[in-house]
Amino acid sequence: KNVSKLISDKLPAERQQNVEQFASILFENISKQDLEQRVDVELYGAALSLFNAFNEAHTGQPFIKVYNPELGKHGWESEHTIIQIVINDLPFLVDSVRMTLNRLNITSHLLIHTPIRTNREKSGEVTEFVDLKSDAKSTHTQTVFLIEVDRQTDSKALKTLKDELKSVLEDVSIAVDDWKPVQKKLQECIADAKKTKIGDKAS
């Protein structure tokens, strides 16, 4: 509710609805305890920043940003390093991100992820959000991540983390592209085998 009020107070009317819907989806599954431990203006800044990235991320290419928000530069701040990801929805994303952080010995203090369905204009701008459970058609289904990790003060460490995430997510995309046709072929083989058994019984 407090984030919603900040959106109403700080944003022009034409932007409020989309940003508020986005924030509502983003924070829907975060525990009340986690919400209470965080500053409202930080949640607002994180949601707005990620929405701006999400609104622009329509080409199919993954968006990955790893940074330390500064009030003067980004309009909000955090004691943690922030990871923002927008990527076409795929299986295995969450586990792959977690494994990357573990491999780099980086502790996550908050890891929010959710698939989001939208309709977008040809320019890519979000026109509406579509309920995940709805039968309504949508032009895009993407997963967004908002992650707080141990603060990385070294620019080299920030780049390494971004590069590792980029590499892993590219591998996931390739694996899923390979996996889908294999899965389809396997289903065809199973169907053929069932037909053969039926034919054998009939004879």
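1. Among contacts in the chain between residues at least 6 apart in sequence, what percentage join residues at least 24 apart? The figure is 70%, where a contact means heavy atoms within 4.5 Å.

2. This is a predicted model, in which local features need pLDDT of at least 70 and side-chain atom pairs count only at pLDDT 80 or more, while totals for chains, interfaces and linings use all residues. Residues are numbered from 1 along each chain as its sequence is written, and side-chain values use heavy atoms, with hydrogens and water left out.

3. The chain has seven helices and five strands, taken as DSSP runs (H or I, at least four residues, for helices; E, at least two, for strands) and numbered from the N terminus. From the N terminus on, their order is α-α-α-α-β-α-β-α-β-β-β-α. Along the principal axes, the C-alpha atoms fill a box of roughly 80 × 40 × 35 Å.

4. Of the 203 residues, 38% count as buried. Buried means under 20% relative accessible area, exposed over 50%, and partly exposed in between (1.4 Å probe, protein chains only).

5. Helix 6 (residues 93-103) has Leu93, Ser96, Val97, Thr100 and Leu101 as its buried residues. Seen down the axis of helix 6, these fall within an arc of 135°, so they line one face of the helix; the arc is that of the directions from the helix axis to the C-beta atoms. The face turned away from the buried side carries the exposed residues Asp95, Met99 and Asn102. Asparagine 105 follows helix 6 and has a positive phi, near 55°.

6. Strand 3 (residues 108-120) and strand 4 (residues 126-130) run antiparallel and are joined by four bridges; two strands pair if DSSP finds at least two bridges between them. Arginine 120 stands opposite valine 126 in strand 4. The two strands form a hairpin with five residues between them, and glycine 124 in the turn has a positive phi of about 105°.

7. The structure holds one cavity of 30 Å³ or more. A cavity is a set of points on a 1 Å grid over the protein atoms alone where a 1.4 Å probe fits but cannot get out; lining residues have an atom within 4 Å of a point. The largest cavity has about 80 Å³ of space, a volume being the space filled by probe spheres set on the points, which are joined across faces, edges and corners.

8. The lining of the largest cavity includes Arg38, Glu42, Trp76 and Glu148. Helix 4 (40-56) and strand 5 (140-149) are the elements that give two or more residues to this lining, and helix 4 gives the most, with three. The lining residues divide into six nonpolar, one polar and three charged.

Technical notes. 1 Å grid on protein atoms, 1.4 Å probe; cavity = no way out; pocket = protein on both sides within 12 Å on 5 of 7 lines; lining within 4 Å. Nonpolar A, V, L, I, M, F, W, Y, C, P; charged D, E, K, R; others polar.
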